[in-house]
Amino acid sequence: MRKTLYTGINTIEFYEISQSQKTNEFKEKHKKRASSEGKNAELKRFHGLGRAKSYGLISMSKQAK
């Protein structure tokens, strides 16, 4: 029985990304973003901000209010 391991073209790039995600700077940025993602999801899901009713930034700010 043989097992085959396939590696993609971007293997080196994926490794570099995974290493950069282990830094403290990345973890701090991720922590800030993770805290606001829940609120954004709530606004989209329960308060009607998932779909714009009209075009433009002004109309979206009116819809949010």
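Colleague: How many helices and strands does the secondary structure of the chain come to?

Modeller: Three helices and zero strands. Helices here are DSSP runs of H or I with at least four residues, strands are runs of E with at least two, and both are numbered from the N terminus. Along the sequence the pattern reads α-α-α.

Colleague: What makes the chain more spread out than a compact globule?

Modeller: Its radius of gyration is 20 Å, well over the 11 Å that the globule rule gives for 65 residues, so the chain is more spread out than a compact globule. The radius is taken over C-alpha atoms, and the rule is 2.2 Å times the number of residues to the power 0.38. The C-alpha trace spans about 60 × 30 × 20 Å along its principal axes.

Colleague: What kind of model is this?

Modeller: A predicted model, in which local features need pLDDT of at least 70, side-chain atom pairs count only at pLDDT 80 or more, and totals for chains, interfaces and linings use all residues. Residues are numbered from 1 along each chain as its sequence is written, and side-chain values use heavy atoms, with hydrogens and water left out.

Colleague: Why is the contact of glutamate 25 and lysine 29 called a salt bridge?

Modeller: The term asks for a side-chain nitrogen of Lys or Arg within 4 Å of a carboxyl oxygen of Asp or Glu. Here N to O is 3.8 Å, so the pair qualifies. The two residues are four apart in helix H2 (residues 24-46), which means a separation of about one helical turn.

Colleague: How many salt bridges does the structure hold?

Modeller: Four. Among them is lysine 31 with glutamate 28, closest N and O atoms 3.8 Å apart. Another pairs lysine 39 with glutamate 42, at 3.3 Å. Lysine 39 and glutamate 42 both lie in helix H2, three residues apart, about one turn of the helix.

Colleague: Why is lysine 31 called exposed?

Modeller: Exposed means over 50% relative accessible area, buried under 20%, and partly exposed in between (1.4 Å probe, protein chains only). Lysine 31 has 54% relative accessibility, so it counts as exposed.

Colleague: How do you know which class lysine 39 and glutamate 42 belong to?

Modeller: Lysine 39 has a relative accessible area of 47%, so it is partly exposed. Glutamate 42, at 30%, also counts as partly exposed.

Colleague: What share of the 65 residues is buried?

Modeller: Buried residues make up 3% of the chain.
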